Amino acid sequence: MSASDVLLSCEGVTRRFGGLVALDHLDLEVKRGDILGFLGPNGSGKTTFFNVLTGIYDFSDGQAHFAGENISKHSAQAVYRAGIARTFQRSRMCLSLSLFDNIMVGNHKHLNLGLGFNLFRRGAFARDLEQRYEQARDLVRAFSPNLADRMSEAVGGFPMLDRRRIEICRALISQPKLLLLDEPSAGMTHEETHQLMGDILSVREHTPELSIIIIEHEMSVMERITDHCAVLNFGKKICEGTYQDVVNNPQVREAYLGIE
């Protein structure tokens with residue numbers, strides 16, 4: 001892999017909570033346009049890695065370079081501005097707000113928040129609002145044409161599948177270079193999971209330069225959408241390779257699947 005192909009490079013990333021080592025000198029590379037699957041039992045450090053990478057937790061040791069920039073000391077806001085967006089395990093929606101409003105929460109780095117613009121330049125404000133509305137609607141339409149006709153409805157009335165779609169749209173609206181998906185199928189049926197993964201693959205076809213790291217326990221999801229996988233156990237990376245390489249690795253089968 002050439003240096004120009006690498007979007008994210010992590011070297012010795014470590015996170016300690018007192019005497020507990022949640023991430024133990026993790027080395028990882030993600031190339032542009034790649035989909036990396038993150039596997040491991042509960043408590044192995046997968047979500048902790050997302051939290052460290054996005055500035056929610058500090059690095060205890062190691063560093064990460066994103067698009068050639070060292071982001072190890074960046075705040076969560078600076079990581080977002082650099083081009084990394086994420087979703088969370090538990091649905092985090094503003095249920096009383098509209099679909100459009102929820103998506104715009106993820107786009108504030110592109111919004112003009114100046115007092116003068118919003119109070120006195122009403123014509124420019126109206127044009128900007130219309131442009132943002134169409135941008136959000138086009139993005140939602142890529143996931144579900146039916147949702148695109150419900151932009152003004154409160155998201156509290158949507159089923160879990162549509163809420164997950166909206167959360168991913170909220171992350172994508174800022175046009176990130178790297179998208180982190182933390183168990184996007186949580187709370188959904190197998191059929192709903194199949195539909196959502198199809199949506200993600202469809203979006204990838206239209207944005208081939210977008211890189212994705214996905215945490216998921218549904219093995220069929222990993223087999224279907226990932227280019228390669230990495231497996232964590234007790235904070236350490238124990239295996240990396242294609243899906244087939246990983247599931248056939250004896251160390252992974254013992255640590256993750258409980259099979260000797």
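**View 1. Ile 103 sits in helix α3, which spans residues 99-104.** Helices here (H or I, at least four residues) and strands (E, at least two) are DSSP runs, numbered from the N terminus. This is a predicted model, where local features need pLDDT of at least 70 and side-chain atom pairs count only at pLDDT 80 or more, while totals for chains, interfaces and linings use all residues. Residues are numbered from 1 along each chain as its sequence is written, and side-chain values use heavy atoms, with hydrogens and water left out. Ile 103 counts as buried, because its relative accessibility is 0%; buried means under 20% relative accessible area, exposed over 50%, and partly exposed in between, using a 1.4 Å probe and protein chains only. Setting aside residues up to four places away in sequence, Ile 103 touches Ala 136, Val 140, Ile 166, Cys 169, Arg 170 and Ile 173, where contact means heavy atoms within 4.5 Å. For a sense of scale, Val 13 is 90 residues away from Ile 103 along the chain, and 31 Å separate their C-alpha atoms.

**View 2. The largest nonpolar core has 45 residues.** A nonpolar core is a set of buried Ala, Val, Leu, Ile, Met, Phe, Trp, Tyr and Cys residues joined through side-chain atoms within 4.5 Å. Leu 99, Ile 103 and Ile 214 have the most contacts inside this core. Helix α6 (residues 160-172) gives the largest share of the core, six residues. Both domain 1 (1-83 + 176-260) and domain 2 (96-175) contribute residues, so the core lies between them. A second, separate core has 27 residues, including Leu 7, Leu 26, Phe 50 and Ala 82.

**View 3. Here is Ile 214 with its contacts.** Neighbours within four places in sequence are left out of this view. What remains is Ile 35, Leu 36, Gly 37, Phe 38, Leu 181, Pro 184, Met 197, Val 221, Met 222, Ile 225 and Thr 226.

**View 4. Domain 1 meets domain 2.** The domain assignment gives domain 1 as 1-83 + 176-260 and domain 2 as 96-175; such bounds come from an automatic or database domain assignment. Taken over C-alpha atoms, the centres of the two domains are 27 Å apart. At the meeting point, 20 residues of domain 1 are in contact with 15 residues of domain 2.

**View 5. Helices α6 and α7 cross at roughly 25°.** Their axes come within 10 Å, with α7 covering residues 190-206. Axes are lines fitted to C-alpha atoms, for helices over the stretch in contact, and angles run from 0 to 180 degrees between N-to-C directions. The pair is therefore roughly parallel; that label is for angles under 35 degrees, with over 145 roughly antiparallel, 65 to 115 roughly perpendicular and the rest oblique. On the α6 side you'll find Leu 161, Arg 164, Arg 165, Ile 168 and Leu 172, and they meet Glu 192, Gln 195, Leu 196, Asp 199, Ile 200 and Val 203 of α7.

**View 6. Helix α1 (residues 46-53) is largely enclosed by the rest of the structure, because seven of its eight residues are buried.** Those buried residues are Lys 46, Thr 48, Phe 49, Phe 50, Asn 51, Val 52 and Leu 53. Just after α1 comes Gly 55, with a positive phi of about 85°.

View 7. Most residues other than glycine have a negative phi. At 38% relative accessibility, Ala 67 is partly exposed. At 57% relative accessibility, Gln 175 is exposed.

**View 8. Arg 150 lies in the loop between α5 and α6.** Arg 150 is partly exposed, with a relative accessible area of 27%. Apart from neighbours within four places in sequence, Arg 150 is in contact with Leu 99 and Phe 158. Arg 137 is 13 residues from Arg 150 along the chain, with 9.3 Å between their C-alpha atoms.
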